[in-house]
Amino acid sequence: LLEEFVQTQLVAYDGLFGPNQAHYSLEQVDRRWAWFKRLLKYIDNKFGSIFPTHWRLPLRLCLEFAARTKLHL
């Protein structure tokens with residue numbers, strides 16, 4: 001359940017920053033990070049009380065974000 005949620009939340013990231021997209025380059029790292037911070041804030045506000053804290057959702061999102069960014073760059 002959690003893994004599927006993380007993957008779903010980052011679909012938009014691939015659409016904006018994935019290969020062959022306008023913001024694909026290394027120079028756009030600031031935009032990538034700003035997008036991710038907004039995502040974390042949104043998820044905390046909307047789902048913070050739903051997921052147990054011991055699931056460490058922000059950490060899992062961060063790890064997947066880093067893995068996808070590595071593949072993109």
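This is a predicted model: local features need pLDDT of at least 70, side-chain atom pairs count only at pLDDT 80 or more; totals for chains, interfaces and linings use all residues.
User: Which residues of helix 1 are buried?
Analyst: In helix 1, residues 2-9, the buried ones are Leu2, Phe5, Val6 and Gln9. Helices are DSSP runs of H or I with at least four residues, numbered from the N terminus. Buried means under 20% relative accessible area, exposed over 50%, and partly exposed in between, with a 1.4 Å probe and protein chains only.

User: Why do they line one face of the helix?
Analyst: Viewed down the axis of helix 1, its buried residues fall within an arc of 100°, so they line one face. The arc is that of the directions from the helix axis to the C-beta atoms.

User: What do they pack against?
Analyst: The buried residues of helix 1 pack against helix 2 (11-17), helix 3 (29-47) and helix 4.

User: Gln9, then: buried or exposed?
Analyst: Gln9 counts as buried because its relative accessibility is 16%. Leaving aside neighbours within four places in sequence, Gln9 is in contact with Trp35, Leu39, Tyr42, Ile43 and Leu61. Contact means heavy atoms within 4.5 Å.

User: Which residues touch the most other members of the largest nonpolar core?
Analyst: They are Trp35, Ile43 and Leu57, in a core of 15 residues. Helix 3 gives the most to this core, with five residues. A nonpolar core is a set of buried Ala, Val, Leu, Ile, Met, Phe, Trp, Tyr and Cys residues joined through side-chain atoms within 4.5 Å.

User: What else does Trp35 touch?
Analyst: Not counting residues up to four places away in sequence, Trp35 touches Gln9, Leu10, Ala12, Tyr13, Leu16 and Phe17.

User: Changing topic, where is Arg60?
Analyst: Arg60 lies in helix 4, residues 57-72. Arg60 counts as partly exposed because its relative accessibility is 41%. Beyond its neighbours within four places in sequence, Arg60 is in contact with Leu2, Val6 and Trp55.

User: And where does Arg56 lie?
Analyst: Arg56 is in the loop between helix 3 and helix 4, and at 52% relative accessibility it counts as exposed. Phi of Arg56 is near 50°, a positive value in a residue other than glycine. Most residues other than glycine have a negative phi.

Methods
Residues are numbered from 1 along each chain as its sequence is written. Side-chain values use heavy atoms; hydrogens and water are left out. Helices (H or I, at least four residues) and strands (E, at least two) are DSSP runs, numbered from the N terminus.
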